[in-house]
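User: Got a model open here and I'd like to walk through it. Can you take my questions as they come?
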Amino acid sequence: MSLERFLNQAVSSWMSAEGPDSDIVLSSRIRLARNIRNFKFPTVFTSEEASEVIQAVDQSVQSLSNSELGKLELLVMDELQPLQKRVLVEKHLISPFLAEHSTLGACLLSENEEASIMVNEEDHIRIQCLYPGLQITEALKLANQIDDAIEQNLDYAFDEEIGYLTSCPTNVGTGMRASVMMHLPGLILTHQLNRIIPAINHLGLVVRGIYGEGSEALGNIFQISNQVTLGKSEDDIVEDLKSVVSQLISEERSAREALAKTSNIQLEDRVFRSYGVLANSRIIETKEAASCLSDVRLGIDMGYIKNISKNILNELMILTQPGFLQQYAGGPLRPNERDIRRASLIRERLNLEN
């Protein structure tokens, strides 16, 4: 797959496919942090060492036997334009940190975009696997397969008592971050999420925005992930996360049912007002577009809207981000120009679906 296809194809295969509980769970992700023994951490190493790490990781994964992944494409960060890196962030294929801070970094992407191996981010290696819906166990299985393939060729920095050694102390141990991206408009509209978050934190999990740590929860989309990596096995972390996510799914469905019983006409009105905004606006900002797309997706899930698929909303969630808008425009746009182009794109896509 060429760089252009990664950049121009808005929806990855994992986003367009249906997964378990996909009305609420958009995706499941596993990220494994690893470092190579006898190399300095990326925070202090030289450009020569960075190049050696990129070459070593690239060579170690090319023998990976997985027909679904296909060939892994190497993208070197300092060879990409800022806009290109921003698009990869908006597609959740690389982290904001790799895009913004790692001039010595790279990324290996699978053809189906389910697997992404970031090189020289905070750690030498960050293996990321994404699946649609609630499939965190399946994501872990693929991540372990990639991890084993790399470890056959490279010697990891590992301590028998502590576990995997990482640049940030919060990742020491398993080096694993397991996260689930959820659409929770029901819990927002019923003002329940703020009550639930402290209980989630108490269980060693954290609630973050759409792009992880430090990001906003655009369109009522949240990431639920583990905070603890030391003292628990990978399987235990995944099972704890699945348990909490299953409870959140139940709470979200109950909230939607309550809204349908007590505020049905008001909720239906909200959904169709948001649809009207999307279908008719000539100027629309990122936050308003995300909020309206969230309402329309809720309307589809609850049966108010029947002639639009959820997949087109997944596509629009990505296409309407600033990086993608400018990628399609062929260059930088001023904020007002982006808002005009965003509104035009949404109208076109909704008309096409109809």
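User: Which residue stands opposite Cys129 in E5?
Analyst: Ala115 does. Keep in mind that this is a predicted model.

User: How many bridges join E4 to E5, and which way do they run?
Analyst: Five bridges, and the two strands run antiparallel. E4 and E5 form a hairpin with five residues between them.

User: What about phi at Asn120 in the turn?
Analyst: Asn120 has a positive phi of about 65°.

User: Is E5 mostly covered or exposed?
Analyst: Mostly covered. Eight of its eight residues are buried.

User: Which E5 residues point which way?
Analyst: Ile125, Ile127, Cys129 and Tyr131 point one way. Arg126, Gln128, Leu130 and Pro132 point the other way. All of these are buried.

User: How many bridges join E5 to E1?
Analyst: Eight bridges join E1 (residues 25-34) to E5 (residues 125-132), and the two run antiparallel. Arg31 stands opposite Gln128 in E5.

User: Zoom out. What is the strand order in the sheet?
Analyst: The order is E2-E3-E4-E5-E1-E8-E10-E9. That is eight strands in an open sheet, with antiparallel pairing.

User: Which strands stand at the edges?
Analyst: E2 (73-76) and E9 (205-208). Each has a single partner strand, so one side of each is left without a neighbour in the sheet.

User: And what does the twist average?
Analyst: The twist averages 20° from one strand to the next.

User: What does helix H3 touch when it packs on the sheet?
Analyst: H3 (residues 47-61) touches E2, E3 (106-109), E4 (115-119) and E5. The direction of H3 makes about 155° with that of E4.

User: Which strands does H6 touch?
Analyst: H6 (residues 136-151) packs on the sheet too, touching E1, E4, E5 and E8 (176-183). The direction of H6 makes about 150° with that of E5.

User: Let's look at E8. How many of its residues are buried?
Analyst: Eight of eight, so E8 is largely enclosed by the rest of the structure. Both faces are covered. Met176, Ala178, Val180 and Met182 lie on one side. Arg177, Ser179, Met181 and His183 lie on the other.

User: How many bridges pair E1 and E8?
Analyst: Seven, in the antiparallel sense. Ser27 stands opposite Met181 in E8.

User: And E8 to E10, how many bridges there?
Analyst: Five bridges join E8 to E10 (residues 221-226), and the strands run antiparallel. Here Ser179 stands opposite Ser225 in E10.

User: Which residues touch the most other members of the largest nonpolar core?
Analyst: Ile30, Ile117, Ile127 and Met182. The core has 55 residues.

User: What is Met182 in contact with?
Analyst: Leaving aside neighbours within four places in sequence, Met182 is in contact with Ile24, Val25, Asn220, Ile221, Phe222, Ile224, Val245, Leu248 and Ile249. Another core, of 25 residues, lies apart from the largest one. Its members include Leu259, Cys292, Ile300 and Tyr304.

User: New topic, aromatics. What is the count of aromatic pairs?
Analyst: The count is three.

User: Are Tyr156 and Tyr164 buried or exposed?
Analyst: Tyr156 is buried, and so is Tyr164. Together with Phe158, Tyr156 and Tyr164 form one aromatic cluster.

User: What sits over the ring of Tyr164?
Analyst: The charged end of Arg34, 3.5 Å from the ring centre.

User: What about His191, what is its phi?
Analyst: His191 has a positive phi of about 60°, and is not a glycine either. The loop between H7 (185-189) and H8 (193-202) holds His191.

User: Is His191 buried or exposed?
Analyst: Exposed. His191 has a relative accessible area of 69%.

Definitions and conventions. Residues are numbered from 1 along each chain as its sequence is written. This is a predicted model: local features need pLDDT of at least 70, side-chain atom pairs count only at pLDDT 80 or more; totals for chains, interfaces and linings use all residues. Side-chain values use heavy atoms; hydrogens and water are left out. Two strands pair if DSSP finds at least two bridges between them. Helices (H or I, at least four residues) and strands (E, at least two) are DSSP runs, numbered from the N terminus. Axes are lines fitted to C-alpha atoms, for helices over the stretch in contact, and angles run from 0 to 180 degrees between N-to-C directions. Contact means heavy atoms within 4.5 Å. Buried means under 20% relative accessible area, exposed over 50%, partly exposed in between (1.4 Å probe, protein chains only). Rings of Phe, Tyr and Trp (its six-membered ring) pair if their centres lie within 6.5 Å; planes under 30 degrees apart count as stacked, over 60 as edge-to-face and the rest as tilted. A charge sits over a ring if NZ of Lys or CZ of Arg is within 6 Å of the ring centre and within 35 degrees of the ring normal. A nonpolar core is a set of buried Ala, Val, Leu, Ile, Met, Phe, Trp, Tyr and Cys residues joined through side-chain atoms within 4.5 Å.
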